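Have the model open beside you as you read.

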Amino acid sequence: MTSIPEIFETMSWGPAPESAKPALDWLLRHDGKFGLYVNGAWWHPKGAEHFATLNPATGKKLAEITQATAIEIDVAVKAARRAQPGWWALGGHGRARHLYALARAVQRHSRLLAVVETLDNGKPIRESRDIDIPLVARHFYHHAGWAQLMDTEMPDAVPVGVVGQIIPWNFPLLMLAWKIAPALATGNTVVLKPAEFTSLTALLFAELAEEAGLPPGVLNIITGDGRTGAALVDHAGIDKIAFTGSTDVGRIIRTATAGSAKKLSLELGGKSPFLVLEGADLDSVVEGVVDAIWFNQGQVCCAGSRILVQEALAAPLIAKLRARMETLRVGDPLDKAVDIGAIIAPVQLERIQKLVKQGEEEGAKLWQPSWSVPTEGCFYPPTLFTDVAPASVIAQEEIFGPVVVLLTFRSHAEAVELANNTRYGLAASIWTDNINLALDVAPKIKAGTVWVNCTNVFDAASGFGGYRESGFGREGGREGLREYVKGAAAVRRSGAGKAPKWVDPAKKAAARAAAPQRPSASPRIDRTAKLFIGGKQARPDSGYSTPVYANDGRVVGEVGTGNRKDIRNAVEAAHKADGWARATAHSRAQVLYYLGENLSARAVEFSARIAEITGVSAKEGAAEVEASIRRLWTYAAWADKWDGHVHHTPYRNVTLAMPEPIGVIGIACPREAPLLGFVSLVAPAIALGNAVVVVPSERAPLVATDLYQVIETSDVPAGVVNIITGLRDELAQVLAAHDDVEAMWYFGSLSGSAAVERLSAGNLKRTWVNYGKGQEWMDASSEGKVILDEATQIKNIWVPYGE
Amino acid sequence: MTQPTLAAPERPKPLPFTPRNPGVPLALDLVRDVHVNTSAVERRAASFGKRRTVKKEWQAAWLLRVVTLMDLTTLQGDDTAQRVRRLCAKARQPVRQDLLVALGAESLRIKVAAVCVYHEFVSTAVEALAGSGIPVAAVSTAFPHGLAPMSTKLAEIQASVAAGAEEIDIVISRRHVLEGNWPALYDEIRAYREACGDAHLKTILATGELPNLREVFRASLVCMMAGADFIKTSTGKESVNATLPFGLVMARAIRQYLELTGHRVGLKPAGGIRSAKDSLDWLGLMKEELGDAWLRPELFRFGASSLLTDVERQLEHAVTGRYSANHRHPMA
């Protein structure tokens, strides 16, 4: 034993272990073997496979976990289905009581949860105790509040139904809370699968939920590996999948659920930038880096793993970082004075080692502290790479370990460019005491969360989620609830709505060909409808045209047959119109009003055109034009009123939840309502700053091509609206597969919807499709907030203050 | 006086030990180019109590170290010579001998770092501490407000030094900071330093009366440039005294000054540190931000009057496993 005089001399840190005994006793009470929690009871399926869950700090087995199969999942989903109507019927206040009880149960058993988490995951007890578990309790409290308020705050919302949730191993219980709390608050029931490395706290939570009186079937926990997750995703009885994990698996899930009409939210990987700008407090920046990349061993999806530093600040920052790294402590996760615990598993450790080796081979300069990490268990030292180029693999790949790369930039513009030079877009942090600079840079970064002078700060009141290939949907806050509800109006329509009857006029045209044509007194002056790209009318690349038929089979004109190159050009033109997003909302509103004004001036002509092609009465044609003008006005009105929120997060800061345009949206318009369908989709998109590439009604594209002159005379900047006529599904699929299109809206067939969703997996663009169902375009339910939500994504900007 | 070059830091390296900080010319550009983010500083300061802890033997050893870092202080209007003599006796024998024996620590010859009094009691204390090796520190320059004529303040320092004080704790003129008059502050501290002669100079910033953490950092830099041996947080008389955010900012200023000049300056938090746990958080701060050299009385002191009792209680707990009571430990 070390003597007191010795310690007095060296002033070293000593051991400060948290006891594992209560957690080990809990494992013993279960005989070290866990079943599934289904329909309010523990279930050990006969003949089930089991696998071991290990303590990453020692490699020793903690318990045996059941490998659930499709059979058990089916039982769990059915239990959830049976429980759902009752859970919803309980009402907001009833559900609030349950969520409140769950929050209290988490608090009462907070230390046991923390110790089990640390044993199973390897994260320092200090983090599970002081960060994860308090955030879990907070999440249930916050959502107890949403349950209470749902009836009044979201009167039109109903639950999605049965939700399948799959969570990762890096924040096992916290991710469970992020998934379960909003789902239950809004009246859904849940089948949740924890990661196979870390099932224990989910099982312990199920036990607590049972004790707290949660009704059977409302929460079901099934365990297993990726096969179990895949079976859950594939189950036909699931209404929604919520997944947090890797981008690769997110892509598989997107593909697997394509066309299934399962609602989907994905929270995926990241390579989040950490920007150090002039005017930064460098000593605080160093602590920021500690929180960014040495929190949870760097196994954090939003870890600030790319330090981008102004060239002049690089040398002092690197010196300070290296000095600080010496004082970090790696070791027994149960030690209360350890900063960095164990890596989750040998496979992850090997991945880290491999990427670090690759970084060295690529010429980056590696720095690790002088001390060494424990050799038993899965440990890796904090690592800093300097002299890193954006092209090197370690600057692009998510390492998911305590490894950070440092790159330099020359100007703010270059900093933003580097920050956005990634497929991901989960989070970013910005360091400078210059608030002007910080708030200038924050909106320019493609990320769902931007922390100013702080990092890795979370709260239930603030939505968390990604841009780009970091996924879609938000967790937490008002914006997170959207993922678990649907509009009651939409529900009433669904099923009842079916695609309008469609007789191909071309067939009628064949019949007409035989009939004698009445010769015109004087031939009409030819009008050639081209494509509309970048504010100019352009001939189709194909050099082909497609006839447009009137309802009686008569050919009323021809439109260009757009192809993939036209789409490519249109997407490029749309990106060049990025100034539109920065225009003031007031200016955008003016343009939309002007569009309405100019459309109104030609109302008679458009009415006639609609009637001519679709065969509706002149009155109905006029009504569609009138409705289109009103809709333009609706979105002109919304343009400067689609406000964000300031969330009440429990820190001294303002958390700004800002709706931002998604970017370039591809829109495949419905066959029906050629003008109103077009306007109902394009107007909200552009009102909020997006640029669009539109495939107009395949049936009546001339209505859209007639709009060129209206658009040209209404001050719509070039490239904001691009129109490509041609075959809807073919063009929609080119758009869906285009990696520089950020969202795709599709109104067509079920198979077309499925294709769009499947192809969107490439860059994980947001999709909004109709699964072949009809839409009442004249109805008020076809406008307003639901569509504005689709046209924007929420960025949360955290701005601490105080002098 | 030597004039070290003010070069940008490379990575921190062990520097040759300089017995005293000689000061450097006032470098106003450095003083102005200071960034301190309050929220971030507060988050880091809060981490010392949460991320670090010492238990069992380590806690006992660290608490013994705390005792040796104390400037045992009495600065009351009703101080008397007898009261000061009692304090000095406690300074010689701050922890019960039986506890030291039980901890196996009697060889450490635990005594406090200094005794801190008003000028009136310097000679009393010097006499009472004769042979102990414990220096006497005198608060000076019209402590705690500092608003006496300069000649009076310089005379006070000289008188205390003449009476045997080896350390002089002066108060800065807060108005110089509030007015941004850094040359005036620099000149003031230089004059005090000269008046001190061989006595060590501790400059009290009275951080609770400065407008923000940035000005605390700047005032720290100016005092060090002017030749302070220690920078000290507070008089103990302000409404806000030694908090960890103040300490963190001052520690970082010390680090910057060290990187720039190679001179080590000490830190003395004073006022408001009453519990053993608080004092351990401070040691964690110093160890992590500045290194082990700042866990020694040459570079770190606690200005405290009631801290010692709580430390003694915790030491007894370390021996017996029972929670102790104040009255079981001899008072000063």
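Start in chain A of this predicted model, where A:Glu49 stands opposite A:Gln67 in β5(A). In general, strands of a sheet pair through backbone hydrogen bonds, and they may do so in parallel or antiparallel fashion.

Now widen the view to the sheet around this pair. It is an open sheet of three strands in the order β1-β5-β4 of chain A, and its pairing is mixed. Which strands form the edges? They are β1 (33-34) and β4 (49-54) of chain A, each of which pairs on one side only.

Next, stay in chain A and look at two loop residues with backbone angles worth a glance. A:Phe400 sits in the loop between α14 (393-396) and β16 (403-409) of chain A. Its phi is near 60 degrees, a positive value in a residue other than glycine. Is A:Phe400 buried or exposed? A residue counts as buried when 20 or more other C-beta atoms lie within 10 Å of its own. A:Phe400 has 23 other C-beta atoms within 10 Å, so it is buried.

A:Asp715 also has a positive phi, about 65 degrees, although it is not a glycine. You will find A:Asp715 in the loop between α26 (701-712) and β29 (721-723) of chain A. Here the cut-off for exposed is 12 or fewer neighbours. A:Asp715 has 12 C-beta neighbours inside 10 Å and therefore counts as exposed.

Let us cross over to chain B. A loop of chain B runs between β3 (136-139) and α7 (150-162), and B:Pro144 is found there. The peptide bond that joins B:Phe143 and B:Pro144 is cis, with omega at about 5 degrees.

Finally, turn to the place where the chains meet. How many residues of each chain are in contact with the other? In chain B there are 38, and they touch 36 residues of chain A. On the chain B side, α2 (38-51), α3 (56-68) and α12 (276-289) each supply at least two residues. The helix that gives the most to this side is α3(B), with eight residues.

How values were computed: Residues are numbered from 1 along each chain as its sequence is written. Chains are lettered from A and ligands numbered from 1 in the order in which they are written. This is a predicted model: local features need pLDDT of at least 70, side-chain atom pairs count only at pLDDT 80 or more; totals for chains, interfaces and linings use all residues. Helices (H or I, at least four residues) and strands (E, at least two) are DSSP runs, numbered from the N terminus. Two residues are in contact if their C-beta atoms, placed from the backbone, lie within 7 Å. Two strands pair if DSSP finds at least two bridges between them.
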